[in-house]
Amino acid sequence: MSLHVVAAIYCRLGRLEEAVPVLKRSIEVVREVENGLEHAVAKYSGYMQLGDTYSMLGQLDCSIACYEAGLMIQIHTFTDSDPKVAQTCRYLAEAHVQAMQFNEAKKYCKKTLEIHKQHSAPSSPEEATDRRLMALICEALGDHESALEHLVLASMAMIAHGHDAEVAAIDVSIGDIYFSLCRFDEAIFAYQKALIVFKSTRGESHLSVASLFIRLAELYNKTGKSREAKSYADNALRIYTRPGIGASCEELSSGLVEISAVYEAVGEPEEAFRVLQRAMKAVEEGGGGQHSAIAGIEAEMGVMLYMVGRYGEARKAFEGAIGKLRGAGKSVLFGILVNQMGLACIQLYRIEEAAKLFEEAKLVLEQEYGTYHSYTLGVCSNLAAAFDAMGRVGEAIEILEHILKVREEMLGTANPEVDEEKRRLEELLKEAGRARNKKANSLQNLLASNSLGIMKKQVTNTWFGGFSFTA
């Protein structure tokens, strides 16, 4: 046990790597002595503490392996239906959720509920807590009906025990599922129930109230009620900008970014930009070198500025975001940002710079998504337009012929996107005095393994379709 104490001290000091070998040694020491209940408990404790340490280090596979070893010790020492086993199964379910391994998480959470059924009173708070976890797992697996069933049972249990705040939190989760199922009236009812409780128990200016205002704003925007959506966004903004709100910089910035997205959606780009500026200030005041968070907000600001025609400022915002993300590796988001900066350059008549950006974005998206993904093809289309504007007509024709062949295979010859690509290609061929070569090899086998994403189109002129994003 003294080794456990030493490891705990290392953890409190933030020296997690040094705690790992100490905990491993504590487990080995127990193995070296005689077996018995006391030693089994010590070994179990060692594995669980080691699992927690691995979790804090972000090594989820090692963490799960330790929890599983601890579970085996419990089952061997007691039985597989002992209440202590339920607690460890919940640990494992949460760890698998964190690792995005939802089928495994469901298995352990189901075992926990089965043990509750044997040993706990019906509708106990412990069972309600585990049903909320099971609902989260079911929702992640796309089983919304089962998720709703578990949440309703959890809510009934919490009502029976007078836990009003927990009931309200469950109502929020129920509303979220109804929202995802487009059952908007039921979602509104669930949100409004939670809102009444949060206002009465936490105060009119609590962050939980603001969060519900944002959800209602998003919902009303989804149903085409822009005035109501803006009103709820205004209410949320008043809370987030109130002095002394007591929110962390992460909570403040993320909430403001969500509010900004609502303003953008209801056609208020200038207000959306001002809210993003507040979010940026919140992150910067928080310190800690949060480059990725700042990059995300800069990217959003770039989109807002682009939408209102402030292309020079948009280019600068994209450049700042790209610079911060470049050191973290070239991801899909990075490729999309580079493409968007290229579109801003087009508006500024910086065609050669735009072409270089489109080429870079093309390489990134080819690496991440493949040659035939719709995102990659969108960037290729922009690159063809840039080449045409630079007089590199032959290269533009070659790219457009490739895009058209792929789109015909994917979408069919009667699709409007195919018609648009065909029109563009025919115009270029006419200028070059050529006719389209209609002989194309089938790409069916190559395309079978590629899934198509959906891009939010942002038309800047006849040539540059581009796409924007929400960070």
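Tutor: Happy to! Let's begin with a salt bridge: lysine 324 pairs with glutamate 298, and their closest N and O atoms are 3.1 Å apart. Keep in mind that this is a predicted model.

Student: Which parts of the chain does that pair link?

Tutor: Distant ones: lysine 324 sits in helix H16 and glutamate 298 in helix H15, 26 residues apart.

Student: Are lysine 324 and glutamate 298 buried or partly exposed?

Tutor: The general idea is that a residue under 20% relative accessible area counts as buried, and one over 50% as exposed, with partly exposed in between. Lysine 324 has 30%, so this residue is partly exposed. Glutamate 298 has 15%, so this one is buried.

Student: Where is the salt bridge partner of arginine 310?

Tutor: Arginine 310 forms a salt bridge with glutamate 270, with 3.5 Å between the closest N and O atoms. Here again distant parts of the chain are linked: arginine 310 is in the loop between helix H15 and helix H16, while glutamate 270 belongs to helix H14, 40 residues away. Try the cut-offs yourself: arginine 310, at 26% relative accessibility, is partly exposed, and glutamate 270, at 36%, is partly exposed too.

Student: How far apart in helix H7 are arginine 131 and glutamate 127?

Tutor: They are four residues apart in helix H7 (residues 125-140), so about one helical turn separates them.

Student: How many salt bridges does the structure hold?

Tutor: There are 22. Some join into a network, which links Arg315, Glu319, Arg350 and Glu353.

Student: How do I read the length of a helix, say helix H9?

Tutor: Compare its reach with what is expected at 1.5 Å a residue. Helix H9 (residues 164-180) has 17 residues and reaches 25 Å from its first C-alpha to its last, close to the expected 24 Å. Just after H9, cysteine 182 takes a positive phi of about 60 degrees.

Student: What covers the buried residues of H9?

Tutor: The cover includes H7, H8, helix H10 and helix H11. Among the buried residues of H9 are Val167, Ile170, Asp171 and Phe179.

Student: And which residues make a nonpolar surface patch?

Tutor: Look for Val152, Leu153 and Met156, which make a patch of about 250 Å². Methionine 156 lies in helix H8, residues 144-160.

Methods:
Residues numbered from 1 in each chain as written. Predicted model: local features only at pLDDT ≥ 70, side-chain atom pairs only at ≥ 80, totals over all residues. Heavy atoms only, no water. Patch = residues over 30% accessible without salt bridge, like charges linked within 9 Å, V, L, I, M, F, W, Y side chains within 5 Å. Areas by Shrake-Rupley, 256 points an atom, 1.4 Å probe, with all protein chains shown as cover. Salt bridge = Lys/Arg side-chain N within 4 Å of Asp/Glu carboxyl O. Helix = DSSP H or I, 4+ residues; strand = E, 2+ residues; numbered from the N terminus. Buried < 20%, exposed > 50% of the residue type's maximum accessible area, 1.4 Å probe, protein only. Expected span 1.5 Å × (residues − 1). Contact = heavy atoms within 4.5 Å.
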